[in-house]
Amino acid sequence: ALPVPQGPEEVRELTVEFNRLLHSLKQQVVRDNQFVSDASHELRTPLTAIRGHVALLQRHGKAHPELFADSLAVIDDESQKMQQLIESLLALSRMENAQMSVAAYDLVAQVKRVVSRYQQQTPQTLKVIVPDRMMVQANAEAIEHTLLALLSNARKYAPANSVVTIQITKGGQRALLSVADLGPGIPDAEKAKIFDRFYRVDESRSKAIKGTGLGLAIAKQLTTLSGGELSVVDNVPQGSRFMVHLPLAVSENL
Ligand code: ADP
């Protein structure tokens, strides 16, 4: 409960505090509304395509059975898109307000494990540069999900078979896990925006590449809740370098 103000100065302080709270609540409501409207829009697009093809088949399917294959392929594709989107939205909403538990673990062992498993399913040239071990204080599941999202983006946006470099280094009091690719890179003006929900760089360019624009928003939230930070810089000589900063475990500082 709020303390009962004792004098005019305390009334003034409480009023200031109250206005600040009101302002941040209002901002949250605006953000929530925007999110619901963005999500609805993103779900409506595939749904419109599905309904269009269903109508087409209902009207002309009997006379033109050759339409079935194409239409069903579109319906299958678009419904998969919807499913992916719904799953991502549910993941985001579960994380909202979530408290993530953190524990000390070896980031190097984790990265090696995730990379070797990933490598079995996807032919992508991964170069791993890591020390013997690095103890971090984080949520292992969140970091694994983030790493997989970054690897999958590198595969999607960089040329097939170009090298992706995964590196772990120590900087100050933090561990740095980076994923660097030789793809098109991300223009400076877009670097902050790609972590926003539904944001995709140059819709026309990324249209050919499947995606929801939610992957990095989820990864960012996961990293932040896990006590870390996710950001992107230009890679040298080209492409982008995504960086996950994590707090070191206490034992690492001894
Ligand atoms: P999605 O890949 O589903 O569109 P993300 O949130 O993972 O969504 O990424 C947002 C956008 O950031 C992508 O649409 C793409 O334009 C850009 N992006 C992400 N990763 C890379 C990368 N490695 N290289 C170039 N652009 C990227």
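This is a predicted model: local features need pLDDT of at least 70, side-chain atom pairs count only at pLDDT 80 or more; totals for chains, interfaces and linings use all residues.

Is arginine 20 buried, partly exposed or exposed? Arginine 20 is partly exposed, at a relative accessible area of 48%.

**Overall build**

- The protein chain holds 6 helices and 7 strands.
- Read from the N terminus, its elements follow the order α-α-β-α-β-β-α-β-β-α-α-β-β.
- The radius of gyration of the protein chain is 23 Å, whereas a compact globule of 254 residues would have one near 18 Å.
- Along the principal axes, the C-alpha atoms fill a box of roughly 80 × 55 × 30 Å.
- Of the 254 residues, 36% are buried.
- The protein chain exposes about 15,400 Å². Carbon and sulfur atoms supply 57% of that area.
- Take the contacts between residues at least 6 apart in sequence: 70% of them join residues at least 24 apart.

**Strand pairing around strand 4**

- Strand 2 (residues 126–129) and strand 4 (residues 164–171) run parallel, joined by 4 bridges.
- Within that pairing, lysine 127 has threonine 165 of strand 4 as its bridge partner.
- Strand 4 also pairs with strand 5 (residues 174–180), here in the antiparallel sense and over 7 bridges.
- Glycine 171 stands opposite arginine 174 of strand 5.
- Strand 4 and strand 5 form a hairpin with 2 residues between the strands. There, glycine 172 takes a positive phi near 60 degrees.

**Salt bridge within helix 1**

- The count of salt bridges comes to 8. One of them joins glutamate 17 to arginine 20, with the closest N and O atoms 3.0 Å apart.
- Both residues lie in helix 1 (residues 8–60). They sit 3 residues apart, about one turn of the helix.
- Glutamate 17 has a relative accessible area of 35%, so it counts as partly exposed. Arginine 20, at 48%, is partly exposed too.

**Salt bridge between distant parts of the chain**

- Aspartate 77 forms a salt bridge with lysine 210, and the closest N and O atoms are 3.4 Å apart.
- This pair links distant parts of the chain, 133 residues apart. Aspartate 77 belongs to helix 2 (residues 67–95). Lysine 210 is in the loop between helix 5 (203–206) and helix 6 (215–225).
- Aspartate 77 is partly exposed, with 31% relative accessibility. Lysine 210 reaches 53% and counts as exposed.

**A salt-bridge network**

- Lysine 191 and aspartate 188 meet through their side chains in a salt bridge, at 2.6 Å from N to O.
- Salt bridges that share partners join Asp188, Lys191 and Asp234 into one network.
- Aspartate 188 is exposed, with a relative accessible area of 61%.

Definitions and conventions: Residues are numbered from 1 along each chain as its sequence is written. Side-chain values use heavy atoms; hydrogens and water are left out. A salt bridge is a side-chain nitrogen of Lys or Arg within 4 Å of a carboxyl oxygen of Asp or Glu. Buried means under 20% relative accessible area, exposed over 50%, partly exposed in between (1.4 Å probe, protein chains only). Two strands pair if DSSP finds at least two bridges between them. The radius of gyration is taken over C-alpha atoms; the globule rule is 2.2 Å times the number of residues to the power 0.38. Contact means heavy atoms within 4.5 Å. Accessible areas come from the Shrake-Rupley method with a 1.4 Å probe; for residues, only the protein chains shown count as cover.
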